[in-house]
Structures are given as structure tokens and as C-alpha cells.
Amino acid sequence: MHSGTGWRRATVVAAVATLGACTGVPGLTSPNAAALSHGPARSGAGAPAPVVDCQVSRCVALTFDDGPTQYTAAVLDTLERQHTVATFFLIGPHALQYRKDVLRQQRDGDAIGDHTVTHPHLTRFTPARIDYELKTAAEQIASVTGHRPTLFRPPFGAWNAKVRAAAGAEGLSVVTWNVSPQDWKYHNPALIEQRVLARVRPGAIVVLHDRYATTPPAVPHIIHALKARGYVLVTVPEMFATTGGLQPGMVYHHGPWPRPR
Ligand SMILES: [Zn+2]
């Protein structure tokens with residue numbers, strides 16, 4: 001995860017802390033008293049952030065693939081308005097084209113991952129070509145953010161031993177998903193929302209795409225409904241923060257779920 005604490009993150013932390021103070025909400029393992037007492041102010045940046053424990057809280061990670069595009073700003077508007085974070089898997093050349101959106105994601109505390117240069121089915125490629133796709137996109141993203149990504153999402157969710165090896169060599173964890181509303185197929189915001197909510201479980205990693213006009217309008221309703229059901233929205237690295245983190249070359253389909261209490 002990149003460094004820096006955006007205002008959105010600080011606000012989320014404060015909201016959780018307030019809840020925790022009133023109701024003993026589980027899952028806030030190491031609140032920083034100084035940061036919390038200052039509320040959602042940006043001055044909290046740089047202080048250690050409280051860690052959401054997804055073995056206790058009902059966590060869900062919204063992820064967006066294939067951007068940035070002309071539709072990404074609408075998703076970021078929603079995330080900022082709802083004080084929520086997400087994870088974006090970027091196509092390298094798109095990151096170069098839409099630098100402003102990438103920097104906005106970074107500033108907001110979103111996680112940023114690698115989604116190749118040309119979006120191919122990597123399993124058909126030689127190791128050298130796979131490495132080119134991962135490495136070049138990582139460098140393109142880093143040229144904008146100043147940070148090499150540590151997350152990788154294979155296009156179409158297609159991975160094999162060669163893809164894992166290449167990811168491991170580039171310091172990338174392979175992150176797939178376990179909830180897909182197939183927004184690439186169903187261009188209907190209400191249906192996308194319904195399909196996410198019908199499938200989501202604690203620990204879910206949800207794949208969406210900020211490349212279609214019909215996905216951003218579904219996002220406000222999805223976030224609102226998830227929060228109403230008691231979910232904590234986290235980035236992919238946050239989801240694994242209390243279970244040892246993400247390891248390069250390993251494949252993750254979902255996060256931990258709350259232990260029975
Ligand atoms: Zn994709």
C-alpha cells in the first residue's frame with residue numbers, strides 16, 4: 001500500500017472510532033488516540049491509522065478494473081462523498097493518460113494495482129511476454145504515483161503457474177475476486193447493484209469496471225446498502241492487514257471472514 005493518509009481515510013477512521021466508543025464495535029485493533037481526538041481533520045495524515053480487523057468486522061473490498069477512463073471521476077466523486085475507499089487495478093497506458101485520476105486515487109487513500117499494458121489473456125503468453133506486461137504497467141503506474149504497485153489483477157482473472165511466477169518476480173500479489181456482478185455484460189445499474197448485494201459475504205472481493213458508463217451510477221447504492229448491512233469497506237491490503245498481509249506470487253480470491261464469536 002502506498003504511503004500517505006488521504007482525507008477520506010481519516011474520516012473513515014474517525015467514523016469507526018465514534019461507533020466504537022458508543023457501541024464497542026469490534027475490529028478496531030489499534031486506534032491512535034491522538035489521531036482520533038483530532039477527528040476527521042487532515043492533520044491526522046502521517047499518524048498510524050487504526051487497523052480494521054477483517055477477522056472480526058464484516059469487511060468487503062470494492063475493486064475497479066480497466067481504468068482510469070472518462071468514467072473514473074464519477075466513481076471517485078461517489079467514494080469521496082461516501083467517505084469510502086476502493087482498490088483500482090489500472091491498465092498502464094490508461095494511468096499515463098489519466099494521471100489526474102490516478103493522483104486523486106492516491107490522495108484519497110485508495111489502493112492502486114497493476115492490470116497489464118494490453119489486457120491480454122496472459123496464460124497464452126511466454127514467460128517473457130507475461131513479465132513485459134506486468135513490469136511495464138508497474139513502471140507506468142509508478143511514473144505517476146512514485147510507488148511501484150504490489151497488487152496485480154490478471155485480465156479476465158486468468159492466471160497459471162507462469163503468471164504467478166512472473167508476479168512473484170515483480171513483487172506482485174495476484175488478486176482475483178469472489179463476487180462479480182458481470183457489469184461488463186449487464187449494462188444496467190439497478191441490476192449490477194442487485195447482483196452484488198445478492199452475492200456479497202464478509203471477506204468478499206467485488207470486481208467492477210470503471211470503463212462502462214453504467215457502472216458508476218450503481219456504486220452509490222451499492223455502498224449505501226453495504227454500510228446499512230454493517231459492512232466495513234476496505235482496500236485489498238487493508239483486508240489482509242491482520243492476517244499477515246499479501247505475499248508476492250500468492251493468489252487471493254477473498255479476504256478473511258469474521259471468526260465465530
Ligand atoms: Zn480487466
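Is H119 buried or exposed? With a relative accessible area of 18%, H119 is buried, a term that stands for under 20% relative accessible area, whereas exposed stands for over 50% and partly exposed for what lies in between (1.4 Å probe, protein chains only). The structure is a predicted model, in which local features need pLDDT of at least 70 and side-chain atom pairs count only at pLDDT 80 or more, while totals for chains, interfaces and linings use all residues. Residues are numbered from 1 along each chain as its sequence is written, and side-chain values use heavy atoms, with hydrogens and water left out.

H119 has a positive phi of about 55 degrees although it is not a glycine, and it lies in the loop between β3 and α6; helices (H or I, at least four residues) and strands (E, at least two) are DSSP runs numbered from the N terminus. F156, likewise not a glycine, has a positive phi of about 65 degrees; this residue is found in the loop between β4 and α7 and, at 48% relative accessibility, counts as partly exposed.

Helix α6 (residues 127–145) has 19 residues and reaches 27 Å from its first C-alpha to its last, close to the 27 Å expected at 1.5 Å a residue, where the expected span is 1.5 Å times one less than the number of residues. Among the buried residues of α6 are I130, L134, I141 and V144, and the helix is followed by G146, whose phi is positive, near 85 degrees. Helices α5 and α6 pack at an angle of about 75 degrees, with their axes 9 Å apart; axes are lines fitted to C-alpha atoms, for helices over the stretch in contact, and angles run from 0 to 180 degrees between N-to-C directions. That makes α5 roughly perpendicular to α6, a description used for angles of 65 to 115 degrees. The contact (heavy atoms within 4.5 Å) is made by R99, V102, L103 and Q106 of α5 and S143, V144 and T145 of α6.

A search of the whole structure finds two aromatic pairs, rings of Phe, Tyr and Trp (its six-membered ring) being paired if their centres lie within 6.5 Å, with planes under 30 degrees apart counted as stacked, over 60 as edge-to-face and the rest as tilted. The rings of F64 and F88 have their centres 5.3 Å apart and their planes at 20 degrees, so this pair is stacked, and both residues are buried. For F240 and Y252, the ring centres are 5.0 Å apart and the planes are at 65 degrees, so the pair is edge-to-face.

Technical notes: Angles under 35 degrees count as roughly parallel, over 145 as roughly antiparallel, 65 to 115 as roughly perpendicular and the rest as oblique.
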